[in-house]
Amino acid sequence: MPSRPSLPLRGRHGRGDDPLERTDSWFLANGLSYFVPEKRTEARAALSPRRTVPRLLLVALVAAAGGGALAWATGQVSAAPAVVLSLVIAATVVYALTVLHARPIVTWALARTVAGLRSLLPLATRALPLLLVFVTFLFINAEVWQLAAELETGALWLVVLLFAVLAVAFLAVRLPEEVDKVDDEVDDAFLVRACAGTPLEAECTRLVADPDADPASYATVTGFERANLVAFMVVIQAAQVLLMAGGVLVFFLLFGALTMGVDVQSAWTGLEQDDITKLPYLVQVSVPLGKVSLFLAAFSLLYLAVSTVTDDTYREQFFGRVTRELERAVGVRAVYLALRHERGAAGQE
């Protein structure tokens, strides 16, 4: 594999002179919290049924009470499951960010996303044109307007959540393949390249030269550490897809405001013009327009998640940016485990 230019590293120097301790700090600073044994042990304990089941039941009860109250107040039965599902997802995210130590993973992944915003436009020019051509025909279809207009707010939110959950699930199933490709390519040259500029650079050179060490044998990533790398890629990909879907939402709001008069909206939705809620001073930006735009943006979210992973050219562009991060993580982990094993074996003698 050809060498790539080194990227700026954060957390290169940890406290103390022990390379293992400094590497633990480097892992945390680079969004690899599950590569640290203590954090991994705490996360595993936090997923035990004894700790998760009571919290899940409490969240479900609070969500059910809140959803039932909102459904009674609004008269929309669909508001109850929408609120329950939203609160359960929100509680799960908060639990992961705090108790499961996933915050460094998400923070690092979002930082990499922001750093790569300049490359988002070229990626979007491949994914969006065909999508917009297809979805625009849906946008100017009366049946779609009738469907969206008749959806209650709770039902529309459930549809949006459904598309979002399916998109994340698809990414979580397909992206682990990239981790497997990286750890299958590990050799001594790979390790030296990956550990350059890290706290284990010197130890890597020494272990690679030692015929009895074989650090490359520790390259296979499994368990929580594999989940760490997958979560890193899912967050980056989901953030990019969400930004592009947000662009689709804005496009249809503007396009609809320019082309869909209130009389057309009334004819297509079956609502009287006086019953169409509009924004002040923006009479053509109405609730039906917002519902249609949100519905199509949510559909686009799922479409983009699938197409950007299955399209070979997009995959090459996207994973060209994150492969360096994966290589560095896999290589440093292999040397880290080899060094821990060496010290453990020395302690037993």
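Mentor: The lining of the largest cavity divides into seven nonpolar, two polar and two charged residues; here Ala, Val, Leu, Ile, Met, Phe, Trp, Tyr, Cys and Pro count as nonpolar, Asp, Glu, Lys and Arg as charged, and the others, Gly among them, as polar. This is a predicted model, in which local features need pLDDT of at least 70 and side-chain atom pairs count only at pLDDT 80 or more, while totals for chains, interfaces and linings use all residues. Residues are numbered from 1 along each chain as its sequence is written, and side-chain values use heavy atoms, with hydrogens and water left out.

The structure holds one cavity of 30 Å³ or more. On a 1 Å grid over the protein atoms alone, a cavity is a set of points where a 1.4 Å probe fits but cannot get out, and lining residues have an atom within 4 Å of a point. The space in the largest cavity is about 80 Å³, a volume being the space filled by probe spheres set on the points, which are joined across faces, edges and corners.

Trp26, Asn30, Gly31, Leu32, Trp108, Leu229, Phe232, Glu325, Leu326, Arg328 and Ala329 form the lining. Two or more of the lining residues come from each of H12 and helix H15 (312-348), helices being DSSP runs (H or I, at least four residues) numbered from the N terminus. With four residues, H15 provides the largest share of this lining.

Note on methods
1 Å grid on protein atoms, 1.4 Å probe; cavity = no way out; pocket = protein on both sides within 12 Å on 5 of 7 lines; lining within 4 Å.
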